[in-house]
Amino acid sequence: MLKLATTVTATALSALVLAGACGAANAAIPVYGFVVKNTYPHDTGAFTQGLFFRDGQLYETTGLTGRSTLRRLDLKTGKVLQKADLPPNVFGEGSTAVGNNILGLTWQSKTGYVFDAKTFAMKGSFPYEGEGWGLASDAKYVYMSDGSASIRVLDPASLKELKRIQVTADGKPIDSLNELEIVDGELYANVWGTDVIARIDPGSGKVTGWIDLSNLLPRDKRGTSSADAVLNGIAWDGKRKKLYVTGKFWPKLFEIELVRFEGR
Ligand SMILES: [Ca+2]
């Protein structure tokens, strides 16, 4: 079933405006709606924190202390094919694949973990200051969000911080950047607590587009009254050029295509 979001509802983007993030000049930044290409089941017990593809396989990390996991999923059924538990005292966050490894962050434990991508064996850890939120990677760098408007750029071998990207829209910082994904050279970041994904030029940090997903799975269809059940999870299957999104505790995972919203 195709669902075309023909109107950009005020809710999600206005949340950013109300937060003082965008302002009236936001009209200059293109807004994208979406077409749903496919809908798949998603584990409603998964507090989704990271979502990514590696070699055509879908992986997810989940949060909550004592319930945090790394998973490999069957896309079509949502079934968990492989799973590793994070240490019981940490709150899992974002994740990405680098070479033969999978990296996973923790929220406030100042520790990231390195897993073997095939066996899920924990091979090591790496330290960082502050909070860990989202992760993504390309051939050159690992990108890490920490809940602020800064994206840390890490060396993929040493996992040391090289620099920070300040993310702005019309010159104003965009706070609460969370789950990340590199999509054809662009950095996508969903803005925590909203149904909005920012498209970011990783060179300049400038927001080049807003993706409004507020009609994708309205709150009353998320199957839970939890305020935590927010959009979180962006995965790009680079081989098949397909984009997937989901959220914390969401019963569904969507393949979407972006549609430029005319008139903005
Ligand atoms: Ca991702």
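Between which two strands is the loop that holds leucine 64 found? Leucine 64 lies in the loop between strand E3 (57-62) and strand E4 (69-73), where strands are DSSP runs of E with at least two residues, numbered from the N terminus. The views below come from a predicted model, in which local features need pLDDT of at least 70, side-chain atom pairs count only at pLDDT 80 or more, and totals for chains, interfaces and linings use all residues. Residues are numbered from 1 along each chain as its sequence is written.

**View 1**
Leucine 64 counts as partly exposed because it has 16 C-beta neighbours inside 10 Å. (A residue is buried with 20 or more other C-beta atoms within 10 Å of its own, exposed with 12 or fewer, and partly exposed in between; C-beta atoms are placed from the backbone.) Leucine 159 sits in the loop between strand E12 (150-154) and strand E13 (161-166).

**View 2. The hairpin of E2 and E3.**
Strands E2 and E3 pair in the antiparallel sense over 6 bridges; two strands pair if DSSP finds at least two bridges between them. Glycine 50 stands opposite threonine 61 in E3. The hairpin has 2 residues between its strands, and aspartate 55 in the turn has a positive phi of about 50 degrees. Strand E2 (residues 48-54) is mostly covered, with 5 of its 7 residues buried.

**View 3. An open sheet of 8 strands.**
The strand order is E16-E17-E18-E19-E1-E22-E21-E20, with mixed pairing. Strand E16 (177-183) and strand E20 (231-237) stand at the edges with a single partner strand each, so one side of each has no neighbour in the sheet. Within the sheet, strand E1 (residues 31-41) and strand E19 (residues 207-212) run parallel and are joined by 2 bridges. Valine 31 has tryptophan 210 in E19 as its bridge partner.

**View 4. Alanine 198 in the largest nonpolar core.**
A nonpolar core is a set of buried Ala, Val, Leu, Ile, Met, Phe, Trp, Tyr and Cys residues joined through C-beta atoms within 7 Å. This core has 65 residues, of which Tyr143, Val167, Leu187, Ala189 and Ala198 touch the most other members. Leaving aside neighbours within four places in sequence, the contacts of alanine 198 include Val167, Ile174 and Trp210; contact requires C-beta atoms, placed from the backbone, within 7 Å.

How values were computed: Helix = DSSP H or I, 4+ residues; strand = E, 2+ residues; numbered from the N terminus. Contact = placed C-beta atoms within 7 Å.
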